Amino acid sequence: MQRMACSFPDEVLEHVFSFVQCDNDRNAISTVCKSWYKIERWSRRRVFVGNCYAISPDMVIRRFPDVRSIELKGKPHFADFNLVPDGWGGYVAPWISAMAAAYPWLEEIRLKRMVITDENLELISKSFKNFKVLVLSSCEGFSTDGLAAIAANCRNLRELDLRESEVEDLSGHWLKHFPDDYTSLVSLNIACLGCEVSFSALERLVGRCPNLRTLRLNRAVPLDKLANLLRRAPQLVELGTGAYSSELRPDVFSNLSGAFSGCKELKSLSGFWDVVPGYLPAVYPICCRLTTLNLSYATIQSPDLIKLVGQCQNLQRLWVLDYIEDAGLDAVAASCKDLRELRVFPSDPYGPEPNVPLTEQGLVSISEGCSKLQSVLYFCRQMSNAALMTIARNRPNMTRFRLCIIEPGTPDYLTLQPLDVGFGAIVEHCKDLQRLSLSGLLTDLVFEYIGTYAKKLEMLSVAFAGESDLGLHHVLSGCEKLRKLEIRDCPFGDKALLANAAKLETMRSLWMSSCSVTFGACKLLGQKMPRLNVEVIDERGTPDSRPESCPIDKLYIYRTVAGSRFDMPGFVWTIDEDSAMRLS
Amino acid sequence: MGVVGGGAGAVSGGGGSSTSDASMSTVSKEDNPVLSSEDSSSCLDESELELGLGLSLGVGVGACKAQQGPRGGQYARILTAKDFPYVGSSTSASVSSSSSSSSSSSSSSLSRANVTAGTKRSADSVAAANGASQVVGWPPIRAYRMNSLVNQAKLPATEVFNSLIVKSRNSNPAVGKGTSNACVNANEKGQLRSSLFVKVNMDGIPIGRKVDLSSHRCYETLAQKLEDMFATSSTIMNSIRSGGEEHDMMVDAITPSKLLDGSSGFVLTYEDKEGDWMLVGDVPWGMFINSVRRLRIMRASEANGLAPRLEESNGGQRNKPI
């Protein structure tokens, strides 16, 4: 075998490897023999780091000397819900500095939940001559000044996507920094920006970039300006509108409608803040081509929603508010036979009473009518085991099922039982389930089901559920493919954690907050498992000031080959092998 | 956050070092006293001891008991409609630490019944230090999404109403910016407030924090919270010590009034909707909440010239162009 492998010249092997893009496969290739390892590492162009603290920039650079595209993720998922205090970490600065020196030909940077500053952005814009793609998903720490640097210096920029990042709006003039001879923009997503961008600059930019395919505007772009933009970019495939409201005027309407009709490639629509229903028919001409429709900011009533969605026979992805009601979901189930993904968000999540007739029935209808349904995110206020069992039997091809019953601990509203058997049916029937979020009243039994059946499960989110450590133990010992586990407000303590310590090294990360884990257990885990970082996040002051048996506030455990990190703030405690507590 | 049943036993037994080898196969439902209400109350006694020492948990014991209830005893019996008299009951069930429910049945009727009580109890145990009236981060909706929802008119809305909203918003682009996570539930019934996170920066500390203003009712608790927040950073201790006049000042000794009256060498300021920087504490709390965009703990030396309301801020601060 060795001889055969070496009988091919390196160039041939490299060419063969270039057809293999998937990380797992490339990892496998690199273990065949030294020669393949060497060739593979020199030809790896794309690196994905799921946890920026799992490895150091230098280690990545040493192994892969010629990377063109990097993706990094920082904070844990629950940071989206304000559970991770500000200042926890996720700084991209060390990565940018290291890559600026090592990867002059870097083309793409994709970040998720990381902190990036204007200095970092400026360094990016000046260090990488062929820089093409910048995607900042749920990031923070920068302002429009940093964007100005990117616009001014990245002559080959193709994508600038600020997806839901928190940007400090200093001015809308940053857009003017794109040079007049810059024409290579393919994708621009500024939907998260609060301030008005310079509209004339935007118009000119859109007009001179013939390859522009994706344009997601921010709310400040008024509706009456949208038609002009569309006429300059009829080749658009994905559009996010600004505020979708204006005084109802026939000339504005017909202008808009005509502009939409001219966009023959448009497949994805989003935006729709402040919708004036009278303007919705302007998009009717293109509905039949739509595959993605994001109406999750559109506060419009069910009849208007039905009229719109009813025309989208080719819809694959629908995001909508619960204003759609069960009746609206019935209509979707009847019209959108190609639906793959449904997300229903709550319009009034903090109200104690339901404000719209949206119940489990809507989801049941969808599961019956949409045979390709794979991914669900559903907020509602009532659920029953019967409904869950029906959904499970209808849709065994489901891969992502996230159900949020708004009130914690809500039982089956028909039988008043816990929802264990309902979720049990989901994991039993949906054998390819990769992601699951639980809610409602749940005992340890649901975790027994999950541990028994959810063999492909990679990510599990749990809140206000379970009764004892047995629940956690079922999951840690049963779910073979588990990578990410996030738990809040559950009575899980030390036992299951310590008994399954080895499992934690096979996962990317574990988050536990408001559970019953003690500092003593954390110290033990930190001492015994050198390849885990055990971070105790506690804003009440040092855990040593409380008895060792007192539950800690938040725990974040992740595997790493980089050791403890150096940028921990004062409220994060970690334990190293010397069993001395280290403060940063 | 309630040390429940089996957890309590392991903890009090100091089983840290031995459990790593313990075989979990021996753990079964019988070992878990949670199911039996008798056992749960005996475990409560132990955990009572433990958590009685847990200071900042605040509600500590009460939360333990209260949380014990719904998760513990009632699984041993079928729940009936009697357990759920929540329809129409008031939302103000303040399940506080003073609740002395010792039996699981009484706490179950308290909690599981009342829709929001369950929420509040978790809120009490989770965010007692904040005094939050709601659970942090629940339901799991991103702040980005909440911002957008909040700043739109709720249904039913006519076109006229919507265009009026657009007009007013266009004239004030400050509304709806993403710098603060403002998720105020704009509801005429004056319902529960959701979270209102604003950024806080302190001079001399590069890393900012966020604080949930809706969990406070007055300036004192806010100032106390901020001091706690920034006291945990060692750099802050140095900056306070070096920046302050009083050499004998200890961080712990800073009372809320010191931050509010500037005697600690720092003053608390905020940026309002118009982009002006003002001293915190001059206007009624409600008015402050409605206009604050972010906070800054400023060195007292830089705060000269900062006056309530009318005066323009001095050159040290950044005014946002509107």
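In the predicted model, A:Tyr244 is in contact, beyond its neighbours within four places in sequence, with A:Leu223, A:Leu256, A:Phe260, A:Phe272, A:Trp273, A:Asp274, A:Val275, A:Val276, A:Tyr279, A:Leu280, A:Ala282 and A:Val283. A:Tyr244 belongs to the largest nonpolar core, which comprises 209 residues, and it is listed with A:Ile109, A:Phe260, A:Leu293, A:Phe401 and A:Ile450 as touching the most other members. A second, separate core of 24 residues includes B:Leu213, B:Trp285, B:Phe288 and B:Ile297. In soluble globular proteins, nonpolar side chains tend to be buried together.

Over all chains, the count of aromatic pairs comes to 24. Because B:Tyr219 lies in helix 9 (residues 219–231) and B:Trp285 in helix 12 (residues 285–291) of chain B, the pair ties together parts that are 66 residues apart in sequence. Both partners, B:Tyr219 and B:Trp285, are buried. In chain A, a single aromatic cluster is made up of A:Tyr53, A:Phe78, A:Phe81, A:Trp88, A:Trp511, A:Tyr556 and A:Tyr558.

The chain B fold contains 12 helices and 6 strands, and 52% of its 322 residues are buried. Among contacts in chain B with a separation of 6 or more, 58% involve residues 24 or more positions apart. The peptide bond from B:Trp138 to B:Pro139 is cis, with omega near -5°, and B:Pro139 is placed in the loop between helix 6 (115–127) and helix 7 (143–150) of chain B.

For chain A, an unreviewed UniProt entry lists residues 8–49 under "domain: F-box". This span is 62% helix and 10% strand, and the C-alpha atoms at its ends lie 31 Å apart.

Further along chain A, helix 8 (residues 144–153) is mostly covered, with 7 of its 10 residues buried. The buried residues are A:Thr144, A:Gly146, A:Leu147, A:Ala148, A:Ala149, A:Ile150 and A:Ala151, and they pack against helix 7 (118–127), strand 4 (133–137), strand 5 (140–143), strand 6 (159–161) and strand 7 (166–168) of chain A.

In helix 13 (residues 325–335) of chain A, the buried residues are A:Glu325, A:Asp326, A:Gly328, A:Leu329, A:Val332, A:Ala333 and A:Ser335. Their packing partners in chain A are helix 12 (302–309), strand 13 (317–321), strand 14 (341–345), helix 14 (360–369) and strand 15 (375–380). A:Glu325, which is found in this helix 13, has a positive phi, near 65°, in a residue other than glycine. Strand 13 of chain A, one of the elements against which helix 13 packs, is also the place of A:Arg317. With a relative accessibility of 36%, A:Arg317 counts as partly exposed, and its contacts, leaving aside neighbours within four places in sequence, are with A:Thr291, A:Thr292, A:Leu293, A:Leu339 and A:Glu341. Although A:Arg317 and A:Ser375 are 58 residues apart along the chain, their C-alpha atoms are separated by 9.1 Å.

A positive phi, of about 50°, is likewise assigned to A:Phe464, which is not a glycine. A:Phe464 occupies the loop between strand 18 (459–463) and helix 18 (469–478) of chain A, and its relative accessibility of 4% means that A:Phe464 counts as buried.

The structure holds 0 disulfides over all chains. For A:Cys288, the closest cysteine sulfur is that of A:Cys287, and because the separation is 7.6 Å the two are too far apart for a bond; at 36% relative accessibility, A:Cys288 counts as partly exposed. A:Cys380 is likewise in no disulfide, with the nearest cysteine sulfur, that of A:Cys404, 7.9 Å away. A:Cys380 is buried, with a relative accessible area of 3%.

Methods. Residues are numbered from 1 along each chain as its sequence is written. Chains are lettered from A and ligands numbered from 1 in the order in which they are written. This is a predicted model: local features need pLDDT of at least 70, side-chain atom pairs count only at pLDDT 80 or more; totals for chains, interfaces and linings use all residues. Side-chain values use heavy atoms; hydrogens and water are left out. A nonpolar core is a set of buried Ala, Val, Leu, Ile, Met, Phe, Trp, Tyr and Cys residues joined through side-chain atoms within 4.5 Å. Buried means under 20% relative accessible area, exposed over 50%, partly exposed in between (1.4 Å probe, protein chains only). Contact means heavy atoms within 4.5 Å. Rings of Phe, Tyr and Trp (its six-membered ring) pair if their centres lie within 6.5 Å; planes under 30 degrees apart count as stacked, over 60 as edge-to-face and the rest as tilted. Helices (H or I, at least four residues) and strands (E, at least two) are DSSP runs, numbered from the N terminus. A disulfide is a pair of cysteine sulfur atoms within 2.5 Å. UniProt positions are given in the numbering used here, feature names are shortened, and annotations may be inferred rather than shown by experiment.
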